[in-house]
Amino acid sequence: MHGEYKVPGGKLVVVDVDVEDGVLRHVRVAGDFFLEPDEALDAVNAALEGAPADTGASSLAARVEAALPEGTVMYGLTSEGIGIAVRRALAHATDWTDYDWQLIHEGPQSPALHMALDEVLTAEVAAGRRPPTLRVWEWASPAVIIGSFQSLRNEVDAEEAARLGVEVVRRISGGGAMFVEPGNTITYSLSVPEALVQGLSFQDSYAYLDDWVLGALGDMGIRAWYQPLNDIATDQGKIAGAAQKRLVAPQGGSGAVLHHVTMSYDIDADKMLRVLRIGREKLSDKGTKSAKKRVDPLRRQTGLPRETVIERMIDSFRARYGLSDGKVTPEVLARAEELAATKFSAPEWTARVP
C-alpha cells in the first residue's frame, strides 16, 4: 500500500507499507523533506514496524516521536505528517494528480444559484458523473451567506440587509457568516471525491485542501498560512474562511467533499457591520477588538486587480495538478435552478434555524 501526504507549509511524505496478521510490515518512509541525522529515518521506519494496522495517526506520530534520536532535526516534516501518510496508505487514499481536474468559471450568478450549484455539482462528483472540479464564482448581487447551523436572527440584521439590497442565503456547510459584494470577493469551490481526503481527520482535510491556494498566494508575495479550523491568515490579518460539507454517495458512487472558500479582495467594512450582528465574544476569540481589523483585503496586500489575482490562482492550480476548462451542462443548470428556487430561496430553508 502506498500513501502520500504533503505537510501544510512543508514537504511531501511518502509511505509504502504492507499489513500482515493485522500489523504494519516492511514500512518505508520517503519524501523530499530534510532530516538529520541520517539514522533518524531508520528509527522512524523501526518505530512504525509492527504497529497494529488500526493505530490512529496521532498514536503513530507518538511512536515516531519517542523513537527519534536525541537532537533530531526535521525540516518540512513532522511526526504527525508521517502518521497521516501511513493512514492514507492504509485507506487507499488518492492524490491530486490522480485526477483530471476541471475548471468552471462562468458569468455572474445569483447567491441562491451559487448555493445550489455547489450542492448539485458535488453530488455529480459523488456519483462519478463528473471529474473533480474547481469552480470560481462571480457574484450577481451582494449577499450574506450564513452557515448551515447558524441562527438567522442572531447573525443578520434582516431589516438593514433588505434596506441595502443584500440577499441572505443559507449554505449547506457549517461555519460562520460571510459578507460578499460583486467585485470585492473571491470565492471558489472544490468538489472532490472522498478518496482524496481518506485517512485525514476533519481538521487535517481543511489544511490539505487549502494548501494549493497558500502556494498561489505565496507566488504573489503573500506569506499565508492555514489557521485552524477554517481560516487563511497572513501577518496582517485574516483573508479567507473555508467551510466543508460531506455528501453521501448514491448507489454506485464513492462520496464527495465540498470545500468552499471566500476570500476578501476588498470590503466595505461599515456596510458589513450594519448587516452582520458580529458579537464582541466572536471578535475577542479572534484576538481583535474591531471587525474591520479581522479581514485584511487582498487588494492592498497584492496590489493586483481582482481578475489578475484569480488568473494567477487558476494558473497555480493548473501548474500543480492540471486543469481543463469545463462548464455547467444545461441539465445540471436546470437542476440547480430548480433547487435554488425550491430550497435556497425558500424562507423555510433560510430560517430553518430562526
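**Note on a buried serine and an aromatic cluster**

1. Leaving aside neighbours within four places in sequence, S151 is in contact (heavy atoms within 4.5 Å) with V353 and P354. This is a predicted model, in which local features need pLDDT of at least 70 and side-chain atom pairs count only at pLDDT 80 or more, while totals for chains, interfaces and linings use all residues. Residues are numbered from 1 along each chain as its sequence is written, and side-chain values use heavy atoms, with hydrogens and water left out.

2. S151 counts as buried, at 14% relative accessibility, where buried means under 20% relative accessible area, exposed over 50% and partly exposed in between (1.4 Å probe, protein chains only). The side chain of S151 reaches the backbone nitrogen of N154 at 3.3 Å.

3. Among the 14 aromatic pairs that the structure holds, Y5 and Y208 are stacked, because their ring centres lie 6.0 Å apart and their planes meet at 20°. Rings of Phe, Tyr and Trp (its six-membered ring) pair if their centres lie within 6.5 Å, and planes under 30 degrees apart count as stacked, over 60 as edge-to-face and the rest as tilted.

4. The rings of W96 and Y208, with centres 5.8 Å apart and planes at 45°, therefore form a tilted pair. W96 is buried at 4% relative accessibility, and Y208 is likewise buried, with a relative accessible area of 4%.

5. One aromatic cluster is formed by Y5, W96, Y99, W101, Y188, Y208, W212, F317 and Y321.

Conventions: Polar contact = N/O pair within 3.5 Å; in protein donor to acceptor, adjacent residues only side chain to side chain.
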